[in-house]
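Hi,

Here is the structure I promised to pass on to you. Have a look first, and my notes follow below.

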Amino acid sequence: MSPRPFHHQVIYQIYPKSFQDSTGDGVGDLRGIIERADYIASLGVDMVWFNPFFVSPGRDNGYDIADYYAIDPAMGTMDDFTELVQALRDRGVGVMLDMVLNHTSTEHEWFQRALAGEQEYIDRYIVRPPQEDGSLPTNWVSKFGGPTWEPLGESGQYYLHLFDVTQADLNWHHPAVREEAARIVNFWRDRGVTGFRFDVINLIGKNTELLDAPAGVDDRLMYTDGVYVDEFLQELNQASFGQDPATVTVGEMSSTTTERCVGYSNPDNHELDMVFSFHHLKVDYENGQKWTTMPADLVALQQIIHDWAAGMQAGGGWNALFWNNHDQPRAINRFGDAGEYREKSAMMLAAMLHLLRGTPFVYMGEEIGMVDPEYTSIDDYVDVEARNAYAALVAAGSSPDDAFAAVLAKARDNARTPMQWDDTPGAGFTTGTPWLQPSRQDEINVKQAAATGEILPFYRKLIALRHDMPLIADGDYQQEFADYANVFGYRRTLNNEQLLVAANMTAETQSITVEAPFIDGSVLIGNYDAPTLAPTMELRPYEVVAVLVDTRS
Ligand code: GLC
């Protein structure tokens, strides 16, 4: 069967380190994923995006790549990879790999040669002398804390690292860098890969002249969405994945705008199929600061989701839709209820997202309602970002309790805890000691979810609906219930069919006015039994309902 067009697809994300361990060392691996191929296929998803499993020192869990052409031995072998691709293909599921092309690990051969003074390799990175007064080349702050510049050995120059000091930014203005990027993509295409997720790809188009952020200006504006991103993407498209139009591509766009994302994903521009953006996941950042504990601003959340749905539609762009990924705390904890209404709120969030215009991504464990771990100490966390943030907060005067509360709310490890298959101590993920501890696996696990849970069948149904209904994949989007602070709603329209979606984002009942023709419609999907369609309708706690009408009848 040939794959569906990307806007009819649903993509599942697997964090390989945490999906299934086949060796008992407490770390997930490729053979473990092969063992779970039937489960993956049972979800009905079209493709799996795997976080990187290439050779890496693991400072940033695989986003610091030392060899783009080899599998990390801790994860498996090239033969395992071939078998994995085949096992999924046999079940109608494609493989999407994560391409980290903005930076390499400092252990990559290129960087090592740069360090040894070979000019040809120095030129492939972003290397600058200090400013005249001896200060660093720019005043930018690394996304993982501290300055973005580190001395390049004894050379007297500095190399740029927007992330960890072991993640050196590549100079995309160098033709050899662009050629190598295409070569990497093509290497994996030759091995059966039909999808690519491009890591922080809107950071590749930096200016050749790098400038200090003026006082009061966000330094991210100095290097994000640079003027060269589009042309570099077009070149990569032509030299690699664009040669097979069925390849699915998604770019991770940090701190971006709808306008630029329309450009990246409008098919006329021949760049990418779709984009991830993150504004909707910053509505619980107090004053824009991540390491805070503010409850989510639901009004802002709804506004952002609407702005992106409408903005991308108007410009002919395409969104990748997601609540969760390996960098985000679990959405249930942020926008739902991890306690009494865990199942209802998980389903509400799922339907609200899956029926939108865009391609839904489901992050492993989301389909069974996994929640943030209930850790009690900073030592329970592994991630470099969380540990740096904790130390920085304490150094800046926060109490250890306050600093830990911020980590508990925002750490990336919250999503990286092992997939929970059953209620054993290793959660069915490992027979050994898991690299990160599972949490609440006695009640939240696949075995339970498949036997008596509500969330898993609900996800399967949503996935099937996107496949079966052109209205969901292709219909127009229009906002509804705009003046309800607690209800998110929209209408999808295709020819004579219309779908009205209404989601109560709170634990309190909300009353909404339902207009004709929907009062006479039929419920396509909902998370409660027997919703009553009426001009004034009561939405129960975290209730979501999607009502279908055929205006011909
Ligand atoms: C992306 C990845 C994240 C990684 C960063 C640097 O944001 O999703 O996990 O740390 O890029 O590669």
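How many Å separate the centres of domain 2 and domain 3, taken over C-alpha atoms? The separation is 53 Å. The domain assignment, whose bounds come from an automatic or database source, gives domain 1 (6-103 + 174-378 + 419-463), domain 2 (109-169) and domain 3 (473-550).

Before the rest, two notes on the source. This is a predicted model, in which local features need pLDDT of at least 70 and side-chain atom pairs count only at pLDDT 80 or more, while totals for chains, interfaces and linings use all residues. Residues are numbered from 1 along each chain as its sequence is written, and side-chain values use heavy atoms, with hydrogens and water left out.

Now the ligand. It is surrounded by 14 residues, and the closest are Asp60, Asp199, His326, Asp327 and Arg412 (a residue is near if one of its heavy atoms lies within 4 Å). At least three residues of this shell come from each of domain 1 and domain 2. By class, the shell has 7 charged, 4 nonpolar and 3 polar residues (Asp, Glu, Lys and Arg count as charged; Ala, Val, Leu, Ile, Met, Phe, Trp, Tyr, Cys and Pro as nonpolar; the others, Gly among them, as polar).

Elsewhere, the structure holds 3 cavities of 30 Å³ or more (on a 1 Å grid over the protein atoms alone, sets of points where a 1.4 Å probe fits but cannot get out; volumes are the space filled by probe spheres set on the points, which are joined across faces, edges and corners). The largest cavity has a volume of about 190 Å³. Its lining comprises 17 residues (each with an atom within 4 Å of a point), and His280, Ile305, Trp308, Ala320 and Leu321 lie nearest its centre.

Best wishes

Note on methods: On a 1 Å grid over the protein atoms alone, a cavity is a set of points where a 1.4 Å probe fits but cannot get out, and a pocket is an open set with protein on both sides within 12 Å along at least five of seven lines; lining residues have an atom within 4 Å of a point.
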